[in-house]
Amino acid sequence: MIEKELKEQLKKKIIHNHYFLVSDEPLLINNTINDIKNALSIDEAFDFETCSIKENEYSEIINKILTAPFTSTKRMLVLRDIEKENYADLKEFAHMLVRVPISTCLIMVYQIDKKNEYSHRAENYKKVLELFPGAQCLVLMPDAVTIQRWITKKMESLGLKNNWEIINYLNEEFADDITGMKNEIQKIENYLYEAKRLGLGEVKDISQGLTDFDAYRLANNFFHHRPETIEEFVRLKPFIKSPLPIIDALGHLLYKYTSKVSDKSFRYLAAELLRIDNSLKTGSHFADLLLEILFIKNLCMLNKGAHYGK
């Protein structure tokens, strides 16, 4: 089953007793759980419960599944951490779970680790799924085309239909982090609201450096060795109350890059950023200067007139 099929079934009030959700994004998992919960009109105070298969005895979980609803037509139980349980133990649990009663909606959550390769993680969850033939499996793994469509549609709703700078930024930085993308889009919505309140036209008109978006763009330019980084930093300085947003953006992108490659130069940059951050927190007035030196030393990549950077 795909997400579109689930939404169509929920509209028709076709709701199964047992679901098996698979995703590497907690946001997509939680949104789907909420969709099913809303379709069932679950009384959350009495008939909704979340528990971990790692922290409860199997007999306790079975009792939860067999418990009748108090005020709702169905009781909903969300069983998490399936991916962390030993396969042999899951097999034992499957034998105990003969069936899910009609009065219960059981949602088993299998959250994939983003670090694993897709071929391996797909094989793992499919093997577990075979233990529960009565479960409706829903895989929430959007591809690049779907993500691009989401971003474009959201930007259109915000009046930024052809603002490819923001669209490309969201796609490049958050294509593998839907939760982070949601938070970033929320920030952009807040900036647009502030722009409207101040009588400004677009998000870029909001005092330039007052937005995290500009800080991330600056950080992104730095890690791509773009010469306009210095000019942009100088332009932003009069508008920012503190270099912290820039340091935060640099640290975020640095973590992203170091998680993908192994390079000693990144360790040096991390040490430099930490030193600047500590300097700022101890009340130093030279954080701006230290950041400018950081950019100059690591951006130009010049040595005796020879350019050896990318």
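These questions and answers go through a predicted model of one protein chain.

Me: What is the mean pLDDT of the protein chain?
Reply: The model is predicted, and pLDDT is the predictor's confidence in each residue, from 0 to 100. In this chain 74% of the residues reach 70 or more. The mean pLDDT is 78.

Me: Which stretch has pLDDT under 50 and 20 contacts beyond four places in sequence?
Reply: Over residues 301–310 the pLDDT is below 50, but that stretch has 10 contacts beyond near neighbours in sequence. The stretch with 20 such contacts is residues 203–211.

Me: How many helices and strands does the protein chain have, and what percentage of its residues count as buried?
Reply: The protein chain has 14 helices and 7 strands. A residue counts as buried when its relative accessible area is under 20%. Of the 310 residues, the share that counts as buried is 43%.

Me: Which cysteine does methionine 76 touch, not counting residues up to four places away in sequence?
Reply: Methionine 76 has contacts with Ile33, Ile36, Lys37 and Leu40, among others. Its partners also include Ile42, Asp47, Phe48, Glu49 and Ile107.

Me: Is serine 41 buried or exposed?
Reply: Serine 41 lies in the loop between H2 and helix H3, and has a positive phi of about 55° although it is not a glycine. Most residues other than glycine have a negative phi. The relative accessible area of serine 41 is 57%, and the cut-off for exposed is over 50%, so serine 41 is exposed.

Me: Is aspartate 81 buried or exposed?
Reply: Aspartate 81 has a phi near 65°, a positive value in a residue other than glycine. Its place is in the loop between strand S3 and helix H5. At 18% relative accessible area, aspartate 81 falls under the 20% cut-off, so it is buried.

Me: How many disulfides does the model have?
Reply: A disulfide is a covalent bond between the sulfur atoms of two cysteines. The rule asks for a pair of cysteine sulfur atoms within 2.5 Å. Cysteine 51 is buried at 8% relative accessible area, and cysteine 105 is buried at 0%. By the rule on sulfur atoms, the count of disulfides is 0.

Me: What is the handedness of the crossing of H7 and H8?
Reply: The axes of helix H7, residues 144–157, and helix H8, residues 164–174, come within 10 Å and cross at roughly 145°. The residues in contact include Ile147, Ile151 and Met155 of H7 and Trp164, Ile167 and Leu170 of H8. The crossing is right-handed.

Me: How far apart in space are leucine 131 and leucine 90, C-alpha to C-alpha?
Reply: Leucine 131 is in the loop between helix H6 and strand S5, and counts as buried at 16% relative accessibility. Leucine 131 touches Tyr87, Leu90, Lys91 and Ala94. Leucine 131 and leucine 90 are 41 residues apart in sequence, and their distance in space is 7.8 Å.

Terms used: Residues numbered from 1 in each chain as written. Predicted model: local features only at pLDDT ≥ 70, side-chain atom pairs only at ≥ 80, totals over all residues. Heavy atoms only, no water. Contact = heavy atoms within 4.5 Å. Helix = DSSP H or I, 4+ residues; strand = E, 2+ residues; numbered from the N terminus. Buried < 20%, exposed > 50% of the residue type's maximum accessible area, 1.4 Å probe, protein only. Axes fitted to C-alpha atoms, helices over the stretch in contact; angles between N-to-C directions. Left-handed = near helix turned anticlockwise from the far one by under 90°.
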